Amino acid sequence: MKTSVIHPSTFKLDGGAMFGIIPKPMWEKKIKPDEFNRILMSLRVVLFETKNKKILVDTGIGSYHSDKFKEQFAISESDFALEKALKTKNITPEDITDIILTHLHFDHVGGIGTKNGELVFKNATIHVHKKHLEYSQNATLKDQGSFHTKHFLPLLDKYKELGRLNLLDELEGEILNDENESINFKASFGHTPYMIHPYNNEYIYMADLVPMRHH
């Protein structure tokens, strides 16, 4: 199984929020904030390639956001950024067979649909945890702002209508298998409930449980 990481775009989040109880004089030695106390972060997407499948893990922040939102989060090149990044690997959105969504925060699920609510990856099957999907619609106050349900729920409904929405329902198990090349997962709860961590025999994707190497 070939594994690679692509970088569709970057954005910025508040440094204090990202490092929690760690004092700013300590964390800013590792990464310098801008004048608004925001730190630069990469919206990485993992690509697994097997004999018959091309699998994305998460889809970045997407291109459906307002100008105000883009400015607030300093989103770089958001329009078609993921499609452009895939093109560097000679892959089109139609080539993607599966998308594993670690969780449904806007910076991970945003790339599955267009501004007009159309599917970007028309041939893909979506894999997401059932209980996390349920939680996203009744999240805690802390988590609510990270779920853009008006964007992703209609898109997931379209995948469901197509018979291509796979809802995981355990704390660990197999997501998919292609000629004995399997991708499995474990669920965690530290960042958001039922966030899944896909892994093969070489790598595990920690997603926002360990969002940066500094952590």
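These questions and answers cover labels used for this predicted model.

Local features need pLDDT of at least 70, side-chain atom pairs count only at pLDDT 80 or more, and totals for chains, interfaces and linings use all residues. Residues are numbered from 1 along each chain as its sequence is written, and side-chain values use heavy atoms, with hydrogens and water left out.

Q: Why is isoleucine 21 called exposed?
A: Exposed means over 50% relative accessible area, buried under 20%, and partly exposed in between (1.4 Å probe, protein chains only). Isoleucine 21 has 84% relative accessibility, so it counts as exposed. It lies in the loop between helix 1 (15-19) and helix 2 (24-27). Helices (H or I, at least four residues) and strands (E, at least two) are DSSP runs, numbered from the N terminus.

Q: What makes Ile21, Ile22 and Met26 a patch?
A: Nonpolar side chains (Val, Leu, Ile, Met, Phe, Trp, Tyr) are joined within 5 Å, like charges within 9 Å. Ile21, Ile22 and Met26 form a nonpolar patch on the surface, with about 360 Å² of accessible area together. Areas come from the Shrake-Rupley method with a 1.4 Å probe; for residues, only the protein chains shown count as cover.

Q: How do you know that strand 10 and strand 11 pair?
A: Two strands pair if DSSP finds at least two bridges between them. Strand 10 (residues 181-188) and strand 11 have 5 bridges, in the antiparallel sense.

Q: Why are strand 1 and strand 8 at the edges of their sheet?
A: The open sheet has 6 strands in the order 1-4-5-6-7-8, with mixed pairing. Strand 1 (2-6) and strand 8 (165-168) each have a single partner strand, so one side of each is left without a neighbour in the sheet. Strand 8 pairs with strand 7 (residues 125-129) in the parallel sense over 4 bridges. There, histidine 129 stands opposite leucine 168 in strand 8.

Q: What makes tyrosine 135 and phenylalanine 147 an edge-to-face pair?
A: Rings of Phe, Tyr and Trp (its six-membered ring) pair if their centres lie within 6.5 Å; planes under 30 degrees apart count as stacked, over 60 as edge-to-face and the rest as tilted. Tyrosine 135 and phenylalanine 147 are 5.8 Å apart centre to centre, with 80° between the planes, and form an edge-to-face pair. Both residues, tyrosine 135 and phenylalanine 147, are buried.

Technical notes. Patches are made of residues with over 30% relative accessible area and no salt bridge: like charges are joined within 9 Å, nonpolar side chains (Val, Leu, Ile, Met, Phe, Trp, Tyr) within 5 Å. A salt bridge is a side-chain nitrogen of Lys or Arg within 4 Å of a carboxyl oxygen of Asp or Glu.
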